[in-house]
Amino acid sequence: MKRSVPALGQDAAPDVPVEPGAADGVLDEGALLTTVGGNRRLATELAEIFLRELESRMPEMAKAVVARDNTRIQFLAHTLMGSAASLSATQVTGTAKKLESMALTGKLAKIDAVFARLEHEIARLGARLTTFIREG
Amino acid sequence: MAVTTVLVVDDDRVVSHLVTSVLREKGYKVLTAFDAVQGLMQAKRQPPVDAIVLDINMPGGSGEDTLKKIKMNSNTSNIPVIILSGSIDAKGQERVRVLGADAVLSKPLVPAELLSAIEAAL
């Protein structure tokens with residue numbers, strides 16, 4: 001089944017078709033398992049920690065975006081980028097990097113749209129990680 | 001045989017857990033700190049740790065400041081430091097090496113690279 005995600009700079013407009021699986025960039029389970037040397041229990045622990053951290057990180061980032069607090073956005077986006085990259089979650093890594101870059105350069109014209117996209121991608125990643133954990 | 005102790009300083013709980021697990025699996029004793037202030041306190045403990053894995057971007061002071069303080073303190077200056085970074089350019093790498101970093105590793109972390117860097121630094 002094909003799914004859609006909004007393109008950068010567009011508010012949750014589902015118009016970019018992507019294929020499911022590793023190639024969709026949501027979560028590359030194979031790459032994650034390679035990172036942890038095939039240790040599925042460790043991969044599951046990382047997924048659980050990531051989801052737990054998101055509970056505070058995303059509301060914090062939302063507040064920082066509303067307040068246009070560049071320093072906080074940059075810091076939170078950078079940390080999210082590192083976590084997501086460790087899980088081989090390419091989409092979230094890329095969008096967090098984009099947010100970090102916007103905050104660093106002060107070019108915030110499209111930041112609400114980029115953050116909306118991040119929220120959408122996080123929701124998809126969260127669903128995939130929950131399934132991954134359940135299947136553990 | 002004495003156990004080698006590594007201090008992991010990273011505010012990112014996912015990366016910290018990954019690094020800690022990889023090192024413990026290989027028999028290292030691991031201490032953790034989640035910000036620069038905690039990290040510096042742990043670095044100064046006695047007996048000293050054998051190596052430090054340090055994130056470059058943290059609350060409570062940047063990794064560079066932390067590295068500088070570690071290398072300027074006579075009690076900690078000889079401890080090898082491996083820098084972890086999500087985004088560090090060539091100039092940044094050069095800067096932390098001048099400050100005394102033994103190795104600079106990029107995130108996402110590759111466990112084999114981390115283990116090699118620590119073994120080389122010890």
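Reader: What makes strand β1 (residues 5-9) of chain B and strand β3 (residues 51-55) of chain B a pair?

Author: Two strands pair if DSSP finds at least two bridges between them; β1 and β3 of chain B have four bridges, in the parallel sense, and therefore meet the definition. Strands are DSSP runs of E of at least two residues, helices runs of H or I of at least four, numbered from the N terminus. Within this pair, Leu7(B) stands opposite Ile52(B) of β3(B). The model is predicted: local features need pLDDT of at least 70 and side-chain atom pairs pLDDT 80 or more, while totals for chains, interfaces and linings use all residues. Residues are numbered from 1 along each chain as its sequence is written, with chains lettered from A and ligands numbered from 1 in the order in which they are written.

Reader: Why are β2 (29-33) and β5 (103-106) of chain B said to stand at the edges?

Author: The open sheet has five strands in the order β2-β1-β3-β4-β5 (chain B), with parallel pairing. β2 and β5 of chain B each have a single partner strand, so one side of each lacks a neighbour in the sheet.

Reader: Which residues count as being in contact between chain A and chain B?

Author: Contact requires C-beta atoms, placed from the backbone, to lie within 7 Å; 17 residues of chain A are in contact with 15 residues of chain B. On the side of chain A that touches chain B, α3(A) gives the most, with eight residues.

How values were computed. Two residues are in contact if their C-beta atoms, placed from the backbone, lie within 7 Å.
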